[in-house]
Amino acid sequence: MITASLGFGTDGSIGFPSRWLEDDPAIRDTLRSIVDSGIVVVVSSNDGTRLGLPVSVGPDGGSTPTDLTSSTHAQTSIDDVAPTTTPSLVRDTGVIGAGGTTVDDTLSSDDVRTAVYPTTRYNGSAGYSSGFGTRIDLAAPGDNLPSLFHTSDGPQVVLNGGTSASAPMIAAAAADVLAAAKATGQTLTPRKVRDLLVATGRPIAQPPQADRELHMGTQLDVTAAVEKVLAKRHDLAPSAVRLSVAQRQVMSVTPSTSFVEATDPSAIDLAGPAGGWDGVPTGENAFAPLTFGLDLTGAHKDLTYRLRVGEHGVIPSSGPSLRVLPGELLGAAGLPLVSSEARSLQVTFEALDGGKVVASASRKLTLSATDGTHLQPQAPTAPGATPLGKPVTVHYDLTGLRDTTDPELVLSSVGHWTPFTTSDKWRAQWRTPLTGTKGSVTIPASAFAAGGAGLYGVGVTLYDGQVFGDFRALRIGPGADQRPEAPLLSHGTTEKAHSVELTRSDAKLTVNWDATAAEHADGAAIEFLTPAPTLYGALNTATNQNGSGRDDNGVDHASTLFRPLPSVKGKTVLDLKALGLPTGLQYPVRIIATHGGKPVGQASPTSFVQYLDGETISGTLENFEVSGDTALLSTDDFADGDDGWIHLRGSATTAYSLADGKLGTVVAHDTGNGMMSEVVGADRATGHTLIAHQPFDGGTFPEVALRDTATGAEVRTTALDPEGDSTSVSFMGGAVDTVRHRAAVVTYDGVSGVDSLWTVDMATGRVSDPLPLNASQPGRALGNVSVDSSTGIFFVATSGTMGPCLSGRVPYYAVSVDLTARTVSPPATMPACVAGLLPDGKGDKVYVAAGPVTPNYTSGEFPTSTWRSASQATLATSTPADLGTRGVMWPALDAEHGVALVAHLYEEATTDDNNALSEITVLDPDTGKVLARHPVANLVSSTISTSNFDFTGRRGLFLDPAHRTAYLVNPWANGLERFSY
């Protein structure tokens with residue numbers, strides 16, 4: 001007997017639903033051989049999309065199906081389907097596929113009797129979604145399960161769940177079946193054990209929101225399975241073993257998705273649970289279900305059931321378990337819900353055959369006093385599904401609610417249905433005040449126009465949206481039968497697949513599609529969704545999962561491209577370069593059926609395109625510089641040492657062709673010297689590249705190395721030794737004046753607090769004596785270096801834009817430096833959090849970009865970026881212009897078109913955007929007016945999380961004005977990204 005709570009957790013790493021273990025072909029073959037050898041194997045079906053990333057949830061519930069196929073060649077592979085939402089296809093290996101159910105649900109429906117549903121992200125604890133599909137055989141409870149969690153203080157009891165919890169339950173049942181078979185002289189193969197467990201299981205209700213069957217076989221019934229085996233040798237008459245009672249008790253007021261069921265029948269608390277800061281009982285238990293379960297042996301299909309309450313009350317039941325509300329239970333006994341006294345009553349659960357009681361069990365219950373009031377609004381009653389374009393009528397009831405200040409009915413945006421998640425950017429898309437204690441509200445069809453088809457949530461809020469009640473999900477739009485299959489992609493001679501990689505130099509993408517599944521479809525369109533990865537690390541960027549049109553709800557980052565295809569079904573070739581897609585990014589891709597050019601049906605599952613600029617490079621890409629049609633990539637290579645520390649193995653600077661995306665000459669490659677590298681710049685006239693080296697572990701001086709760009713030959717390497725007592729010297733930044741063939745680099749002495757500027761001859765590599773920049777005001781590092789090539793004047797500013805820059809404790813200033821005269825201007829005050837100085841190339845102005853990249857660590861203040869101009873003569877700055885977003889860096893000038901570009905870590909309105917990216921902002925340099933925004937990058941991943949050098953001390957955004965093209969490091973920091981501005 002083997003149980004494997006394993007799968008591919010792609011939801012936590014890239015935001016796509018987790019995958020079934022058998023999606024790995026090698027594991028698939030291994031499992032088949034184990035089962036064929038006679039061993040029963042149970043494997044968890046995966047947990048879909050959990051709460052780690054702000055990924056939207058569609059009507060499928062957050063999982064993608066795993067279905068059976070009879071074809072060996074049709075089987076999917078994890079390498080292909082991992083970054084997609086297309087179904088997995090596998091042959092039957094004989095393994096028992098384990099799904100997970102929620103067994104005391106109140107969110108799927110207001111039907112109190114139905115408690116067991118496939119676990120999705122819109123019911124139960126709403127924390128995961130069980131795998132489903134025709135490959136999943138059997139389900140067991142997998143939600144809100146008490147379990148032990150090991151901590152440094154010892155084991156603790158926590159609520160847990162997932163199909164990893166369901167699989168061991170099924171394995172235990174299989175072991176019981178095998179034991180019963182052995183005891184009765186029977187032999188059961190693994191497949192017979194599976195068939196028996198499935199046949200004796202109970203039906204599982206379908207959530208009304210689901211747009212397809214969430215198939216996971218039947219719900220495990222271990223008693224029925226064991227008795228089926230024992231019945232071969234024994235006659236089993238109906239007999240009641242016990243009557244269990246479970247009260248659904250929410251763990252806190254908000255949200256009510258976490259609950260416990262451990263119940264003392266002699267002390268059922270209707271006034272609790274305790275909640276709020278003062279611990280006052282919330283009263284929610286008075287409206288929470290009570291479940292009665294008759295533990296019955298010898299049951300058969302002809303039995304009927306009922307619950308007797310008190311002397312005369314009877315509540316019919318469809319099976320040996322029954323869920324009721326406290327008010328119904330007390331009402332059956334002729335008692336009111338509201339009472340100042342505790343109430344005791346006898347309940348008896350009976351099994352009848354032909355109207356005669358054949359088994360029964362009784363319990364005495366004591367229910368506490370309750371005033372019938374409660375703290376949190378209950379979820380409205382809503383239809384599970386409504387066609388797109390139709391209004392939705394929901395019913396609410398605030399009876400007994402203790403505080404009804406400013407009640408409103410609110411509707412969520414598409415795909416993010418509940419405010420009770422740890423990562424989603426939830427928002428109300430539509431709202432209306434509630435004027436009565438109870439009643440109905442009709443949500444107009446127009447409220448769903450922005451998001452279109454998909455999953456929404458509806459609930460009641462108080463205090464102008466500050467206090468939330470329970471939310472219930474509802475589906476808008478057609479079912480999955482109107483959903484095309486995901487497109488099959490290929491490139492060149494590669495086989496058709498769901499995931500493909502191609503580069504800008506060969507950007508022809510072959511697309512095969514079929515949209516005939518959508519009723520009335522006479523055409524189709526292909527949609528490239530929001531580029532990935534987002535700032536949160538998600539590659540799954542569809543907001544309207546399986547929606548009804550282009551993914552653009554007006555708030556979350558919209559899709560990149562929506563393009564009609566020539567027919568409803570067919571094959572075509574798309575040139576991604578001609579379409580202008582930014583390179584260095586990844587794109588989920590899907591098909592939308594059309595009729596008369598307008599979308600119909602559902603959008604298909606997504607396939608995936610990785611569109612590289614060219615060849616990628618190993619190691620950590622620290623920075624790059626552009627010289628003509630060549631980029632120079634500077635990398636460091638790190639490794640974990642046997643001592644537990646990270647060690648620098650080497651550094652390199654490599655040429656990269658911007659024309660064909662090929663890596664070229666290794667300009668520098670150093671190993672064993674403990675020096676990280678950053679390329680300062682290149683001079684095409686001298687044919688040399690200047691590289692700065694910073695010691696990884698400290699203790700030695702930084703260096704500058706001049707190399708022959710074409711051959712990599714060393715011209716000269718010089719240690720930047722200020723000839724003092726300090727060895728705490730750091731390289732801060734530098735720039736190359738290609739007109740005068742010289743460079744300036746700046747170091748900071750951590751002991752004296754003095755910044756020094758060193759001049760480097762780009763022809764010979766000769767380094768000047770250090771020129772102090774702040775001898776009169778030591779203590780603050782200067783590192784932002786720029787040059788106006790029309791005059792040869794360098795500008796150096798205070799660096800550092802992390803949160804502490806807002807404290808006011810550190811002065812920000814700048815100086816200008818005349819290298820010929822070796823003079824430094826008096827320091828001029830600069831705004832806090834200077835991110836870069838940008839000379840205008842005319843000797844007149846220098847532009848100043850400023851703003852923090854993180855909030856103030858103390859106050860949380862996070863102001864937006866600003867833009868100023870200053871006279872190069874005085875460095876006196878103008879009134880700031882607000883750039884409207886945050887995390888500014890790397891100002892660059894396109895003098896040919898009279899625009900400046902700056903990079904921002906966060907695009908405009910990042911706070912509310914589940915697919916947020918970094919932004920390249922185009923502006924008028926003289927006024928600071930924003931002309932365009934291009935949210936097409938992820939600088940948090942490539943810069944903040946990766947680089948070992950201060951990003952304000954180097955350039956990271958390069959422009960080709962002739963083609964209006966910009967270059968920066970791609971999100972994975974292993975190559976470049978380019979886009980048009």
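Let's start at glutamate 311, which is found in the loop between strand S17 (303-309) and strand S18 (313-317). Strands here are DSSP runs of E with at least two residues, helices are runs of H or I with at least four, and both are numbered from the N terminus. With a relative accessible area of 71%, glutamate 311 is exposed; that word means over 50%, while buried means under 20% and partly exposed is in between, using a 1.4 Å probe and protein chains only. Leucine 345 is 34 residues away from glutamate 311 in sequence, yet the two are 8.9 Å apart in space, C-alpha to C-alpha.

A word on what you're looking at: this is a predicted model, where local features need pLDDT of at least 70 and side-chain atom pairs count only at pLDDT 80 or more, though totals for chains, interfaces and linings use all residues. Residues are numbered from 1 along each chain as its sequence is written, and side-chain values use heavy atoms, with hydrogens and water left out.

Now zoom out. The chain has 9 helices and 65 strands. Along the principal axes, the C-alpha atoms fill a box of roughly 110 × 65 × 65 Å.

Of those 981 residues, 56% count as buried. What about contacts, meaning heavy atoms within 4.5 Å? Among those between residues at least 6 apart in sequence, 63% join residues at least 24 apart. The chain exposes about 37500 Å², with carbon and sulfur atoms supplying 51% of it; accessible areas come from the Shrake-Rupley method with a 1.4 Å probe, and for residues only the protein chains shown count as cover. As for charge, the mean positions of the 67 positive and 103 negative charges are 7 Å apart. Lys and Arg count as positive and Asp and Glu as negative, leaving out His and the chain ends, and each charge is placed at NZ of Lys, CZ of Arg, CG of Asp or CD of Glu.

Next, the aromatics. A search of the whole structure finds 11 aromatic pairs. Rings of Phe, Tyr and Trp (its six-membered ring) pair if their centres lie within 6.5 Å; planes under 30 degrees apart count as stacked, over 60 as edge-to-face and the rest as tilted. Take phenylalanine 448 and tyrosine 456: their ring centres are 5.0 Å apart and their planes are at 85°, so this pair is edge-to-face. Both partners are tucked away: phenylalanine 448 is buried at 2% relative accessibility, and tyrosine 456 is buried at 0%. Phenylalanine 468 and phenylalanine 471 make a tilted pair, because their centres are 6.3 Å apart and their planes are at 55°. Phenylalanine 471 is buried too, at 2%. Ring pairs also link Phe420, Trp426, Phe468 and Phe471 into a cluster.

Most residues other than glycine have a negative phi, and most peptide bonds are trans. Asparagine 46, though not a glycine, has a positive phi of about 100°. That residue lies in the loop between S2 and strand S3 (66-68) and is buried, with a relative accessible area of 5%. Asparagine 546 also has a positive phi, about 55°, and counts as buried at 11%.

The loop that holds asparagine 546 runs between S32 and S33. Proline 533 is placed in the loop between strand S32 (523-528) and strand S33 (561-565), and the peptide bond to it from alanine 532 is cis, with omega near 0°. Another cis bond, also with omega near 0°, leads from glycine 272 to proline 273, in the loop between strand S13 (259-260) and strand S14 (274-275).

Finally, which residues does lysine 577 touch, not counting those up to four places away in sequence? They are Arg504, Ala507 and Tyr611. Lysine 577 sits in helix H8 (residues 576-579) and is partly exposed, at 45% relative accessible area. Serine 505 is 72 residues from lysine 577 in sequence and 8.2 Å from it in space, C-alpha to C-alpha.

Conventions
Contact = heavy atoms within 4.5 Å.
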